[in-house]
Amino acid sequence: MTAETILQMSDIVKTFPGVRALDGVDLDVRKGEVHCLLGQNGAGKSTLIKVLSGAHQPDSGTITWQGERVRLNTPMAAMNQGIATIYQELDLVDGLSVAENIYLGHELAAAGFSRHGDTERAAGRLLERLGHPEISPQQEVGKLPAAGQQIVSMARALSHDVQLIVMDEPSAVLDQEEVGRLFSVIRDLTADDIAVIYISHRLEEIREIGDRVTVLKDGRTVATGLSAPDTPTSELIREMTGRDVEYAFPERGMTAEDAPVVLDVAGLSSPGDFTDVDLRVRRGEIVGLAGLVGSGRSEILETIYGARKAGSGSVTVDGRRIRPGSVAAAVNAGVGLCPEERKTQGLLLDEAIYRNVSLATLGRFARGGFLRRGDERAQAEQHVRALDVRPADVERTAGTLSGGNQQKIVLARWLLRECRVLLLDEPTRGVDVGARSELYALVRRLADEGVAVVLVSSEIPEVLGLADRVLVLSEGHVVHEGQADDIDEHQVLDLVMEGSAA
Amino acid sequence: MSTTVKAEPAQPGQDDQPRRPVWRRLFIRPEAGSLVGAVAIFVFFFATAAPFRQLDSFATVLYTAAVLGIMAVAVGLLMIGGEFDLSAGVAVTTSAIAAATITYQFTLNVWVGVFAALGVSLAIGFFNGYVVIKTGIPSFLVTLGMLLMLQGANLAVTRLVTGTVSTQRISDMDGYAALEAIFASEWTIGGVRIRVLVLWWLLFVAIATWVLLRTRIGNWIFAVGGNKDSARAVGVPVARVKIGLYMTVGFAAWFVGMHLLFSLHTIQAGEGVGKEFEYIIAAVIGGCLLTGGYGSAVGAAMGAFIFGMTNQGIVYAGWNPDWYYTFLGAMLLLATLLNMYVRRSAAKR
């Protein structure tokens with residue numbers, strides 16, 4: 001490696017009231033490399049990049065940037081040094097146009113007057129450089145899809161004279177094809193000697209795009225300078241978790257051939273979303289739906305759950321047809337959904353854990369219009385313990401838990417409800433690697449106990465590893481159905497791409 | 001890199017965006033709904049109320065709209081910037097009382113009183129903005145507090161000084177005539193009364209529109225209303241923009257207050273309560289979102305125009321004016337629905 005070090009962070013410490021978020025972190029980044037930052041949720045990645053982007057001030061430690069010690073007191077100071085950050089929550093202004101967003105805060109202006117034409121032309125050039133000339137600079141940002149908004153964020157970073165771009169889980173909102181395009185953008189950037197700090201939970205992405213890896217654990221750097229393509233997965237996971245964990249899927253149970261069909265979806269169609277979907281899930285079976293974002297996966301789950309009304313077709317649970325378009329009917333029939341947007345659609349973040357768990361079962365605890373809190377709490381606690389939610393204190397608010405534990409709360413809700421059909425939409429999004437295996441085991445255990453599970457995930461290995469059977473979706477059509485064992489990731493991708501090309 | 005740049009001129013010119021039809025581009029503007037509404041209400045009263053068809057009535061409609069509209073434009077800007085000002089209605093009265101009282105009590109030139117009142121109005125705006133920014137208390141509460149304080153002070157100070165609930169006349173004092181010409185003059189041309197306030201209103205709308213759409217401050221206003229945190233992160237001076245917006249409302253309150261002072265000569269201390277909602281309603285009818293980040297000055301002006309037409313139209317049509325607020329409420333709902341509908345259908349292709 002001949003490339004020079006552009007950024008050196010040494011012994012960074014940052015404490016918040018009651019928490020030592022960073023406890024001596026070292027990080028060095030070279031010119032033109034993709035430096036991956038790995039670590040479980042709560043390891044300190046977010047705090048570290050906030051220090052780097054000027055949003056937080058470190059309590060101690062030094063930042064050396066291009067050979068000089070710097071203090072990054074504000075986001076602007078970092079920006080002026082040439083350090084740009086693209087946050088996980090896209091931070092664009094919906095009501096402004098693409099061009100206005102890109103140049104917000106450093107408008108091309110003469111004496112206070114915007115130079116509209118220049119701004120739009122310059123924005124257009126940046127978008128073209130990023131390989132997205134189809135995004136119009138005049139377009140209102142709020143009307144762009146998530147992937148497009150991310151490109152705008154990146155164009156905004158490039159509109160400054162940046163040397164380093166920090167990307168916080170950029171792939172979380174993208175499907176596989178968009179991730180591919182993001183990677184080619186990153187390669188173009190590094191070819192221009194721009195360094196990238198890339199944060200992701202997906203190890204396979206880190207292998208593909210990364211040069212070196214730094215691993216954080218509990219606010220400390222536990223490994224640095226690891227080769228991204230060559231370090232074995234097991235080693236990375238061991239560094240992250242501090243223990244030997246196989247990134248492994250649980251043994252498949254044996255779904256008996258004659259196990260009764262619990263969920264029977266026949267000819268379900270919703271114009272514009274999906275067409276003629278047949279789906280049968282037996283007792284104890286996990287069926288996976290694989291496909292790109294926009295292939296209709298989530299829409300199918302939401303239709304089964306009654307949150308959307310189907311154009312035609314039927315949903316039957318235990319032989320009884322469910323009234324379409326009614327969540328109440330679906331829930332009463334024993335259907336439960338763990339939604340994709342856990343924090344907004346699945347949980348009351350400011351409420352206690354037990355109240356989140358009992359939410360779908362409140363009728364059981366009510367006597368004459370009053371809730372019997374004691375019962376409610378006791379039963380919720382039972383399930384919280386059974387799922388090994390940590391910390392197991394049911395009085396804590398749901399928002400204080402990590403992603404994996406939040407997901408368990410949503411699962412506990414449906415267990416308390418004794419649900420027959422569990423619909424999981426991206427159950428491991430935002431869940432760190434250590435907690436994933438645990439969640440997989442949990443889902444399998446539920447299936448073994450007799451629940452019929454439908455699993456949707458953007459991560460094809462997850463679908464193939466966890467599910468018994470797989471349905472591959474492309475543009476709202478089922479293009480393949482079969483045992484999960486009989487197909488591999490590449491075949492799924494082929495099917496998906498072929499379908500979208502057609 | 002250079003190859004990509006060179007390839008660009010071969011592409012059709014940058015203006016070659018797929019052009020949408022004119023009506024579509026017009027209709028994704030925030031004020032589109034209020035424009036449609038204004039035309040509909042104009043046609044309605046034109047058809048049902050004979051006096052409405054006279055030019056002089058139209059001038060009165062415009063005047064009614066202007067009194068409201070100058071404030072509505074400032075309040076609209078503030079709402080685009082993501083904040084409320086419930087004290088705006090009473091602040092108009094405060095400004096007028098301040099000018100009259102200071103001038104009379106200290107026997108000063110009226111100019112001094114008027115500029116002192118400007119100071120008072122800007123200070124009120126600054127205070128509102130500063131407290132909202134520094135404490136993070138929702139502007140609804142901060143300005144509600146200001147509304148009550150001003151309402152009480154208006155009455156208490158006036159009674160303390162004059163012993164009654166109205167201000168003393170200052171029309172015989174030095175400097176009055178010139179100021180009256182600026183704030184409250186009117187001419188009759190061909191039997192039509194033209195009030196200078198209408199011209200001021202149009203000027204303020206034009207300035208506000210131009211600031212919003214053609215200056216960096218305009219971008220900042222949308223940004224602080226649409227996404228305050230990211231605006232701050234890219235270096236937009238959020239605090240200055242928001243405080244500036246509150247002070248703009250203060251300026252507008254001063255201007256309208258001066259108009260009332262110089263056209264009515266005395267000010268009733270209890271005036272202005274409830275007006276703040278009319279400003280907000282006008283801005284909302286004009287397409288400003290309650291949540292901020294979206295709206296237009298022309299829209300707020302259109303909202304005020306609709307107000308003016310309704311206010312006068314009911315009288316011209318000979319209806320019982322008791323129904324005014326019912327009519328207004330229904331119109332607010334309709335306009336909001338219309339805005340939503342127009343925006344959705346124009347966004348689709």
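## Polar and charged contacts between the chains

Across the interface of chain B and chain A, four residue pairs are in polar contact, with both residues at pLDDT 80 or more. The model is a predicted one. The rule also finds one salt bridge across this interface. Arg216(B) forms a salt bridge with Glu107(A), and their closest N and O atoms are 3.7 Å apart.

## The side of chain B that touches chain A

Five helices of chain B each give two or more residues to this side: H1 (2–10), H9 (196–214), H10 (216–226), H11 (228–233) and H15 (324–347). The most comes from H10(B), which gives six residues. By type, the residues on this side of chain B are twelve nonpolar, ten polar and four charged.

## Extent of the interface

In terms of contacts, 26 residues of chain B meet 27 residues of chain A. The two chains bury about 2,400 Å² between them, and 56% of that area is on carbon and sulfur atoms. On the chain B side, the most area is lost to chain A by Arg216(B), Asn219(B) and Val234(B), which together make up 25% of what that side buries.

## A hairpin in chain B

Chain B also holds a pair of strands, E1 (residues 186–189) and E2 (residues 192–195), which pair in the antiparallel sense over four bridges. Within this pairing, Thr188(B) has Arg193(B) of E2(B) as its bridge partner.

E1(B) and E2(B) form a hairpin, with two residues between the strands. In the turn, Gly190(B) has a positive phi of about 60 degrees.

Key:
Residues numbered from 1 in each chain as written. Chains lettered and ligands numbered in written order. Predicted model: local features only at pLDDT ≥ 70, side-chain atom pairs only at ≥ 80, totals over all residues. Heavy atoms only, no water. Pairing = 2+ DSSP bridges. Contact = heavy atoms within 4.5 Å. Buried area = accessible area lost by both parts, 1.4 Å probe. Salt bridge = Lys/Arg side-chain N within 4 Å of Asp/Glu carboxyl O. Polar contact = N/O pair within 3.5 Å; in protein donor to acceptor, adjacent residues only side chain to side chain. Nonpolar A, V, L, I, M, F, W, Y, C, P; charged D, E, K, R; others polar.
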